[in-house]
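Please find below a colleague's note on the structure shown here. The points are numbered and may be read one at a time beside the structure.

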Amino acid sequence: MKGPLDGIKIVEMAGIGPAPFACYLLAGLGAEVTRIQSAGRASTFLNLKPETNPDILMREVHDIDLKSPDGHDEAMRLIEAADVLVEGFRPGVMERLGLGPEPVREVNPGLIYARMTGYGQDGPMAMTAGHDLNYIAMSGVLSLIGRKSAPPTPPLNLVGDYAGGSMMLVTGVLATLFERVRTGRGQVIDAAMVEGSALLATPIFSFIASGMWNVGTRGENLLDSGSPFYDCYETADGKFVAVAPLEPQFFANLVDTLGFDAEWKTAQYDRTRWEELRRLLAETFREKTRDEWEAVFAGIDACVTPVLSPEEAASHPHNRARNTFSSESGVMPGPAPKFKS
């Protein structure tokens, strides 16, 4: 089935990280993506070498010398026919190439010009170099992630690059495509990873404002490994299970399944007993293997699941039934969300 963005044409200025991943997401929704990359500088998804990471999108790629008059004209022809332009350079780079918002929107007034940076197109740090870890550090999010008495933990590069960056850029593109139906004109989208990652943490900032979250130390709150019923525990075979029965009814199922004393059901949110409960859970989960625990909790609403490796996730019966992963170019996640007519 064709995706909902079938017929939408996107020009991607080749780069690394969140901008190409945004195009990956849009292509998964059915858009046609054409990549412009500097002549002689092969660029694939995330800028990895083709022999080790083939471009799973099979984009149409144009090698263009953007600094030459002919190359500039060729790029303008591609952009003139596009609905969306996505670029992830530092502020001013596209302008110096003569491909900034003003000249390209003169030839294509309906163009949606989507810009992805760490700090935004303006402001004191706009020209400062950085990566995901820097951006989520500046947004206040990194300070919240980690265990008690330990430094902040880098959460891969998911929060800044891909959630606060790519996802927010895609949200802007989809919103502007809808708005263009009414006005016929495009807009310039200024997506900054600092702002996107801060926005993702809105619920936590709300908890802080209401006094429900302790910002003085990490690892002492409900969702940051502070609570023993929202954490991972090692099993007999050195693997792990994820335990997350936040609601009392699910926690009660956990207590019953593990054979704990019934009085624990009313002590779930008694912080004075959290360390005792943590020790009890840790000792108990070490008694069986991960797969044995998966079988024990099968069909029980106790919010206990195995912690799977990527390979195990791809072969898990539920993910296979949902076609969560594709094997066409190696094991890779498939498009999401799914659509039904």
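**Notes on the predicted model**

1. S315 is partly exposed, since its relative accessible area comes to 42%. S315 belongs to helix 12, which spans residues 310-315. The C-alpha atom of S315 lies 9.6 Å from that of V331, a residue 16 positions away along the chain. As with every value in this note, these come from a predicted model.

2. The chain as a whole may be described next. It has 341 residues, of which 41% are buried. Its secondary structure consists of 13 helices and 11 strands. Along the principal axes, the C-alpha atoms fill a box of roughly 75 × 45 × 40 Å.

3. How many strands form the open sheet with parallel pairing, and in what order? Six strands form this sheet, and their order is 3-2-1-4-5-6. The edges are held by strand 3 (60-64) and strand 6 (188-192); each has a single partner strand, so one side of each is left without a neighbour in the sheet. On average, neighbouring strands of this sheet are turned by 20° against each other, direction ignored.

4. With strand 2 (residues 32-38), strand 1 pairs in the parallel sense over five bridges; I10 has V33 of strand 2 as its bridge partner.

5. The buried residues are P18, A19, P20, F21, A22, C23, Y24, L25 and L26. Just after helix 1 comes G30, which takes a positive phi of about 110°.

6. Helix 6 (residues 158-183) lies across strand 4, strand 5 (112-117) and strand 6, and runs at about 165° to strand 5. Helix 7 lies across strand 5 and strand 6, and runs at about 70° to strand 6.

7. Two packed helices are described by the angle between their axes and the distance between the axes. Helix 7 (residues 193-200) packs against helix 8 (residues 202-209) at an angle of about 60°, and their axes are 5 Å apart. That angle makes helix 7 oblique to helix 8. Helix 7 contributes A198, L199 and L200 to the contact, while helix 8 contributes T202, P203 and F205. Sorted by class, the contact has five nonpolar residues, one polar residue and no charged residues.

8. A further open sheet is formed by three strands in the order 7-8-9, with antiparallel pairing. Strand 7 (231-234) and strand 9 (304-306) stand at its edges, each with a single partner strand, so one side of each has no neighbour in the sheet. The twist from one strand to the next averages 30°. Strand 7 and strand 8 (residues 240-243) pair in the antiparallel sense over four bridges, and V243 of strand 8 is the bridge partner of D231.

Note on methods:
Residues are numbered from 1 along each chain as its sequence is written. This is a predicted model: local features need pLDDT of at least 70, side-chain atom pairs count only at pLDDT 80 or more; totals for chains, interfaces and linings use all residues. Side-chain values use heavy atoms; hydrogens and water are left out. Two strands pair if DSSP finds at least two bridges between them. Helices (H or I, at least four residues) and strands (E, at least two) are DSSP runs, numbered from the N terminus. Axes are lines fitted to C-alpha atoms, for helices over the stretch in contact, and angles run from 0 to 180 degrees between N-to-C directions. Angles under 35 degrees count as roughly parallel, over 145 as roughly antiparallel, 65 to 115 as roughly perpendicular and the rest as oblique. Contact means heavy atoms within 4.5 Å. Ala, Val, Leu, Ile, Met, Phe, Trp, Tyr, Cys and Pro count as nonpolar, Asp, Glu, Lys and Arg as charged, and the others, Gly among them, as polar. Buried means under 20% relative accessible area, exposed over 50%, partly exposed in between (1.4 Å probe, protein chains only).
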